[in-house]
Amino acid sequence: GGALISCSAGFLNVPRIKGTHTAMKSGMMAAEAAVDAILSQRQHDELAAYPEACEASWVKKELSIVRNVVPLVEKFGELIGSALANVTMWAEYIGVKMPFTMKHHPNNESLWRKDQVKPIAYPKPDGVLTFDRLSSVFISNTNHEEDQPVHLTLKDP
Ligand SMILES: Cc1cc2nc3c(=O)[nH]c(=O)nc-3n(C[C@H](O)[C@H](O)[C@H](O)COP(=O)(O)OP(=O)(O)OC[C@H]3O[C@@H](n4cnc5c(N)ncnc54)[C@H](O)[C@@H]3O)c2cc1C
């Protein structure tokens, strides 16, 4: 079987462009539901514990606050939509619950078949106005040591 987790379930916090935390948390909740099902020797049924855990988690709370952001921008455009999105989002942050939840447009309607579109021509970087990725990273002054130790470590592996 399977479970929709992370960005496939739309768990990106769009205004923050942050989704790795909700990705990990939703993966953990799905895994916990699966392990519980296996340990209780269930099979061929639904992992109802997973959506229930999502509803009760901080993922739901966090995403609920920003739920109208994308629909507002889609409906009213970048200028007015973003302004409205900001007002509603910050109101929700300070505890003023908006009495509405707008709908997203169906994502699948944004997709086109390959034969309906023209391939985009990406010219090679010319070294004057456009640059290859490695040169751009160099220009950005990003600096990593070759033997830099991993800074994300498990407290209890
Ligand atoms: C520009 C940008 C900046 C971001 N910055 C941040 C940030 O600073 N902090 C943060 O928390 N989040 C950030 N995010 C969001 C974060 O990257 C995503 O929320 C997160 O990576 C989602 O994880 P995921 O596992 O759902 O999907 P992904 O990380 O997209 O993983 C999906 C994987 O599936 C693979 N895949 C797709 N189709 C197939 C197929 N048919 N067969 C096999 N494999 C396939 C893909 O190659 C990919 O590796 C950013 C996103 C973008 C685009």
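Buried means under 20% relative accessible area, and the exercises below apply that cut-off to a predicted model.

**Exercise 1.** Decide whether C54 is buried or exposed, and determine how many disulfides the structure holds.

*Solution.* Begin with accessibility: C54 has a relative accessible area of 11%, so this residue counts as buried. Turn next to the sulfur atoms, recalling that a disulfide is a covalent bond between the sulfur atoms of two cysteines. The closest cysteine sulfur to that of C54 belongs to C7 and lies 14 Å away, which is too far for a bond. In keeping with this, the structure holds zero disulfides.

**Exercise 2.** Work out which elements give two or more residues to the largest nonpolar core, and why this core lies between domain 1 and domain 2.

*Solution.* The core has 15 residues, among which F11, Y50 and V66 touch the most other members. Two or more residues come from each of α1 (20-39), α2 (49-56), α3 (58-65) and α4 (69-93), and α4 gives the largest share, four residues. Because domain 1 (1-64) and domain 2 (67-117) both contribute residues, the core lies between them. For Y50, once neighbours within four places in sequence are set aside, the contacts include A3, L4, I5 and F11, together with M29 and A33.

Terms used: Residues are numbered from 1 along each chain as its sequence is written. This is a predicted model: local features need pLDDT of at least 70, side-chain atom pairs count only at pLDDT 80 or more; totals for chains, interfaces and linings use all residues. Side-chain values use heavy atoms; hydrogens and water are left out. A nonpolar core is a set of buried Ala, Val, Leu, Ile, Met, Phe, Trp, Tyr and Cys residues joined through side-chain atoms within 4.5 Å. Buried means under 20% relative accessible area, exposed over 50%, partly exposed in between (1.4 Å probe, protein chains only). Domain bounds come from an automatic or database domain assignment. Contact means heavy atoms within 4.5 Å. A disulfide is a pair of cysteine sulfur atoms within 2.5 Å.
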